[in-house]
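The report below describes how the elements of one structure are arranged and packed. Please read it alongside the sequence and the coordinates.

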Amino acid sequence: MPAERLSEHVWALTGPTNIGVLMGPGDRAALVDTGLDESAARKAWRLLEENGRRLVAVINTHAHADHIGGNRFIVARSQATVYASAFEATAIRHPVWEPLYLAGGAMPGPAVSGKFFMAEPTPSVTEAPPEGDLDLGNGFVVRVVPLPGHAYAQVGLAYDGVFFTADAFFPPAVLEKHGLPFYVDLAAAERSLARIRDQAGEWAVYLPGHGPRLDRVGLGGHVEANLEAFDRLRGEVLSALGGPRSVDELVDALSRALGLSYANPGQYYLARAAVTALLTDLERRSLVSPVVGGTLVRWAAS
Ligand SMILES: [Zn+2]
């Protein structure tokens with residue numbers, strides 16, 4: 001994970017999950033997310049040490065394991081306060097929520113409770129304001145921007161000309177590779193993308209949770225690619241719904257149409273949640289509806 005300087009006071013460790021390093025007034029610093037595990041967090045810690053910085057805060061954009069997995073290592077070595085939105089904070093304190101909800105409410109087996117799906121708990125998480133200034137103390141102020149959609153109450157963070165957009169969008173290469181990006185609420189995700197696009201003049205540099213840094217032009221292209229992917233996927237779901245299908249039948253039909261297959265139950269559960277979010281979105285648009293009959297709920301075009 002190379003360290004990259006994004007502005008005068010902002011660095012990032014770019015890797016599978018990007019980590020932001022905010023250099024505050026004096027010797028203070030804060031992190032935006034901590035990566036998947038100790039090895040990612042260790043690199044951020046080294047950068048702080050090299051710069052003689054004292055970590056006062058970690059701000060988690062959302063509770064997914066690949067963004068909070070390094071919290072434990074960081075918290076054990078510092079006095080840092082961990083911040084998150086009120087809703088995501090509960091899942092950071094109790095990370096069992098992630099495997100539980102992915103598996104539909106029941107505790108799944110080991111394939112869906114490893115470090116990719118369940119981080120170590122962070123017992124103490126302070127709730128950040130839903131929007132606006134988050135004061136980390138003595139003039140160290142970052143801006144919280146709500147970006148729900150990929151996760152239920154995800155936030156972005158802005159500081160010194162850099163906007164960390166978390167997983168509000170994915171680079172086109174990632175969209176292509178994964179085919180079915182993970183979103184829990186498409187309408188919310190689209191509003192978040194519109195918000196990022198409308199505020200694009202405010203910041204010079206954008207860093208998503210995954211993928212390279214972007215300028216305003218690159219950002220516009222990424223936002224459009226993600227909006228187009230939503231439209232394309234809505235169309236794919238409607239054409240995969242030849243007749244009434246259960247969610248599982250639809251995951252199968254849609255995945256075949258997109259050329260996707262799953263190597264473990266966790267990948268399957270992620271796809272299943274994404275398909276469910278698409279169905280909810282189409283139901284809100286009165287394009288599909290659930291048909292309850294006998295022993296199954298099936299979805300049909302309305
Ligand atoms: Zn995520």
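In helix 4 (residues 86-93), the buried residues are Glu-88, Ala-89, Ala-91 and Ile-92, where a residue is buried if 20 or more other C-beta atoms, placed from the backbone, lie within 10 Å of its own. Seen down the axis of helix 4, these buried residues fall within an arc of 165 degrees, so they line one face of the helix; the arc is that of the directions from the helix axis to the C-beta atoms. They pack against helix 2 (65-68), strand 6 (81-84), helix 5 (97-102) and strand 7 (126-127), with contact taken as C-beta atoms, placed from the backbone, within 7 Å. Helices (H or I, at least four residues) and strands (E, at least two) are DSSP runs, numbered from the N terminus.

The model is a predicted one, in which local features need pLDDT of at least 70 and side-chain atom pairs count only at pLDDT 80 or more, while totals for chains, interfaces and linings use all residues. Residue numbers start from 1 along each chain as its sequence is written.

An open sheet with mixed pairing holds 7 strands in the order 1-2-3-4-5-6-7, two strands being paired if DSSP finds at least two bridges between them. Strand 1 (3-7) and strand 7 stand at its edges with a single partner strand each, so one side of each has no neighbour in the sheet. Within this sheet, strand 2 (residues 10-13) and strand 3 (residues 19-23) are antiparallel and share 4 bridges, and Val-10 has Leu-22 in strand 3 as its bridge partner.

Helix 1 lies across strands 1, 2, 3, 4 (28-32) and 5 (54-59), at about 20 degrees to strand 3; axes are lines fitted to C-alpha atoms, for helices over the stretch in contact, and angles run from 0 to 180 degrees between N-to-C directions. Ala-41, which lies in helix 1 (residues 38-50), counts as buried because it has 26 C-beta neighbours inside 10 Å. Leaving aside residues up to four places away in sequence, Ala-41 touches Thr-34, Gly-35, Gly-70, Phe-73 and Ile-74.

| Strands paired | Bridges | Example pair |
|---|---|---|
| strand 9 (residues 141-146) and strand 10 | 4 bridges | Val-144 opposite Leu-157 |
| strand 10 and strand 11 (residues 162-166) | 3 bridges | Tyr-159 with Val-162 |

Strands 10 and 11 form a hairpin with 2 residues between them, and Asp-160 in the turn has a positive phi of about 50 degrees.

The largest nonpolar core has 92 residues, of which Val-21 and Ala-30 touch the most other members; such a core is a set of buried Ala, Val, Leu, Ile, Met, Phe, Trp, Tyr and Cys residues joined through C-beta atoms within 7 Å. Its largest share, 9 residues, comes from helix 10 (residues 265-284). Domain 1 (3-231) and domain 2 (241-301) both give residues to this core, so it lies between them, the domain bounds coming from an automatic or database domain assignment.

Key
Buried ≥ 20, exposed ≤ 12 C-beta atoms within 10 Å, placed from the backbone. Contact = placed C-beta atoms within 7 Å.
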